[in-house]
Amino acid sequence: MFQYYGFMLYRTQLPQTIEKALPLVPELNGVHDRGYVLVNGVFQGVLERDSVHLLNITGSKGDSLDIVVENMGRINFGSCLLDLKGLVRNLTLASTILTNWSMFPLAIDDVIENGWPHSVQQEDVNSMAQGPAFYYGTFESRMAHDTYIRLQGWAKGQIWINGFNVGRYWPERGPEETLYVPKNILNENSPNNVTVLELERGPAKPSVVFQDHAILTSKG
């Protein structure tokens with residue numbers, strides 16, 4: 001698919017009605033690297049390489065099964081030097097191999113660089129959305145300085161400022177609890193756009209904080 005970094009969306013349909021939860025299992029650790037699973041747009045949970053290899057789901061026959069797969073970087077040594085990304089093995093629902101997948105490369109950097117979602121009218125949604133969701137807002141900076149952005153209460157995701165990909169946040173894993181924001185990407189004479197892709201769960205009151213120092217915390 002020529003998608004060398006970022007995210008891919010894999011979509012198929014449930015082959016049967018599942019009233020009692022059945023296990024969704026990637027063969028041979030086949031999700032590279034994290035898969036965010038949704039059934040008919042409802043977040044079910046996460047499959048993670050080397051960590052979470054089973055997720056129980058329910059649904060009806062024909063329901064859309066979406067897996068947003070995140071590339072978290074490549075191993076560049078040893079036996080895993082050829083580190084393919086995406087769904088690299090079969091995915092099974094109980095004993096049934098899921099087939100007929102559609103695949104969509106998600107060029108998120110490109111659309112945000114071109115002004116989305118600030119450039120179009122968006123519907124208000126539940127701020128405590130579960131699963132992948134975009135949040136956006138603006139702030140003013142009359143005198144730009146190098147700064148750090150902190151996302152307290154957020155779980156895991158990425159953030160862009162004025163279309164520039166500032167980086168990933170994952171405070172539960174750390175050690176970074178802040179991301180560096182260089183002053184040259186900030187506007188002094190017009191509002192600055194902030195776009196957050198939260199992958200797991202948004203906070204009850206979404207907000208970000210800019211501060212003058214980094215926070216690095218040992219997670220054990």
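Me: Where is the place of Tyr5?

Reply: This is a predicted model, in which local features need pLDDT of at least 70, side-chain atom pairs count only at pLDDT 80 or more, and totals for chains, interfaces and linings use all residues. Residues are numbered from 1 along each chain as its sequence is written, and side-chain values use heavy atoms, with hydrogens and water left out. Strands are DSSP runs of E with at least two residues, and helices are runs of H or I with at least four, numbered from the N terminus. Tyr5 has its place in the segment before strand S1 (7-13).

Me: Is Tyr5 buried or exposed?

Reply: Buried means under 20% relative accessible area, exposed means over 50%, and partly exposed lies in between (1.4 Å probe, protein chains only). Tyr5 has 56% relative accessibility, so Tyr5 counts as exposed.

Me: Which nonpolar surface patch do Phe2, Tyr4 and Tyr5 make?

Reply: Patch residues have over 30% relative accessible area and no salt bridge; nonpolar side chains (Val, Leu, Ile, Met, Phe, Trp, Tyr) are joined within 5 Å, like charges within 9 Å. Areas come from the Shrake-Rupley method with a 1.4 Å probe, and for residues only the protein chains shown count as cover. Phe2, Tyr4 and Tyr5 make a nonpolar surface patch of about 470 Å².

Me: Where does Asn100 lie, and what is its phi?

Reply: Asn100 lies in the loop between strand S10 (96-97) and strand S11 (102-106). Asn100 is exposed, with a relative accessible area of 68%. Asn100 is not a glycine, yet its phi is positive, at about 60°.

Me: What is the omega of the peptide bond from Trp116 to Pro117?

Reply: Pro117 sits in the loop between helix H1 (108-113) and strand S12 (133-139). The bond from Trp116 to Pro117 is cis, with omega near 5°.

Me: Which side chain of opposite charge is nearest to Glu198?

Reply: Glu198 belongs to strand S17 (residues 192-198). Lys and Arg count as positive, Asp and Glu as negative; His and the chain ends are not counted. A salt bridge needs a side-chain nitrogen of Lys or Arg within 4 Å of a carboxyl oxygen of Asp or Glu. Glu198 is buried and has no salt bridge; 6.2 Å away is the nearest side chain of opposite charge, Arg201.

Me: Which backbone nitrogen does the side chain of Glu198 reach at 3.2 Å?

Reply: A polar contact is a pair of N or O atoms within 3.5 Å; within protein, one must be able to donate a hydrogen and the other to accept it, and residues adjacent in sequence count only if both atoms are side-chain atoms. At 3.2 Å, the side chain of Glu198 reaches the backbone nitrogen of Lys156.
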